[in-house]
Amino acid sequence: MLLVAGYTIPKGVTIAVVTTALHRDPDVFPDPDKFDPTRFAPENTHNRHPYAYVPFSAGPRNCIGESLKRRNMQEDFHTSF
Ligand code: HEM
């Protein structure tokens with residue numbers, strides 16, 4: 001048995017994490033549909049739970065390309081302005 005956000009999850013139940021919804025939680029990402037790359041600036045992420053934004057998954061089998069892709073995306077962002 002597992003307790004998640006006040007819900008009791010019985011043993012054996014399959015849980016799907018809907019990242020589209022997770023990444024649009026306005027409590028974590030205010031005005032979630034606004035394009036705002038500064039959300040990911042270090043000063044805006046240091047208080048955010050590490051699993052609040054998980055496009056690369058999380059845990060022991062998460063994406064090994066994450067740091068490479070994050071660096072690529074930052075370079076793309078900086079060169080487009
Ligand atoms: C925007 C780009 C990418 C996204 C969104 C992405 C996302 C993901 C996700 C969601 C997983 C599944 C993790 C899990 O099962 O919990 C994964 C696994 C993996 N990714 Fe990526 N990925 C990206 C780019 C890359 C790149 C560039 C590489 C290699 C250079 C890479 C290598 C891998 C590998 C090897 C796994 C399997 C890890 C394992 O099962 O232990 N990915 N990725």
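Helix α3 is hardly covered: among its 14 residues, the count of buried residues is zero. A residue is buried if 20 or more other C-beta atoms lie within 10 Å of its own, exposed if 12 or fewer, and partly exposed in between, with C-beta atoms placed from the backbone. The model is a predicted one, in which local features need pLDDT of at least 70 and side-chain atom pairs count only at pLDDT 80 or more, while totals for chains, interfaces and linings use all residues. Residues are numbered from 1 along each chain as its sequence is written.

Helix α3 covers residues 66-79 and reaches 20 Å from its first C-alpha to its last. This is close to the 20 Å expected at 1.5 Å a residue, where the expected span is 1.5 Å times one less than the number of residues. K69 lies in helix α3. K69 counts as exposed because it has 12 C-beta neighbours inside 10 Å. The C-alpha atoms of K69 and V4 are separated by 30 Å, and the two residues are 65 residues apart along the chain.

The protein has three helices and two strands, and from the N terminus on the elements run β-β-α-α-α. Helices (H or I, at least four residues) and strands (E, at least two) are DSSP runs, numbered from the N terminus. Of the 81 residues of the protein, 0% count as buried. The radius of gyration, taken over C-alpha atoms, is 15 Å for the protein, but a compact globule of 81 residues would have a value near 12 Å. The globule rule is 2.2 Å times the number of residues to the power 0.38. Along the principal axes, the C-alpha atoms fill a box of roughly 50 × 30 × 20 Å.

K69 is also one of the residues around the ligand; the others are P55, F56, S57, R61, N62, C63, I64, G65 and L68. A residue is near a molecule if its C-beta atom, placed from the backbone, lies within 6 Å of it. By class, this shell has five nonpolar, three polar and two charged residues. Ala, Val, Leu, Ile, Met, Phe, Trp, Tyr, Cys and Pro count as nonpolar, Asp, Glu, Lys and Arg as charged, and the others, Gly among them, as polar.

T19 is found in helix α1, residues 19-22. T19 is exposed because 12 other C-beta atoms lie within 10 Å. Not counting residues up to four places away in sequence, T19 touches V54 and P55; two residues are in contact if their C-beta atoms lie within 7 Å. V17 lies in the loop between β2 and α1. V17 is exposed, with 11 other C-beta atoms within 10 Å.

The table lists C-alpha distances for residue pairs.

| Pair | Apart in sequence | Apart in space |
|---|---|---|
| T19 and Y53 | 34 residues | 8.0 Å |
| V17 and S57 | 40 residues | 9.9 Å |

A5 is found in the loop between β1 (2-4) and β2 (7-9), and its phi is near 50°, a positive value in a residue other than glycine. Most residues other than glycine have a negative phi. A5 is exposed, with 5 other C-beta atoms within 10 Å. D31 is found in the loop between α1 and α2 (42-45). Phi of D31 is near 50°, again a positive value in a residue other than glycine. D31 counts as exposed because it has 8 C-beta neighbours inside 10 Å.
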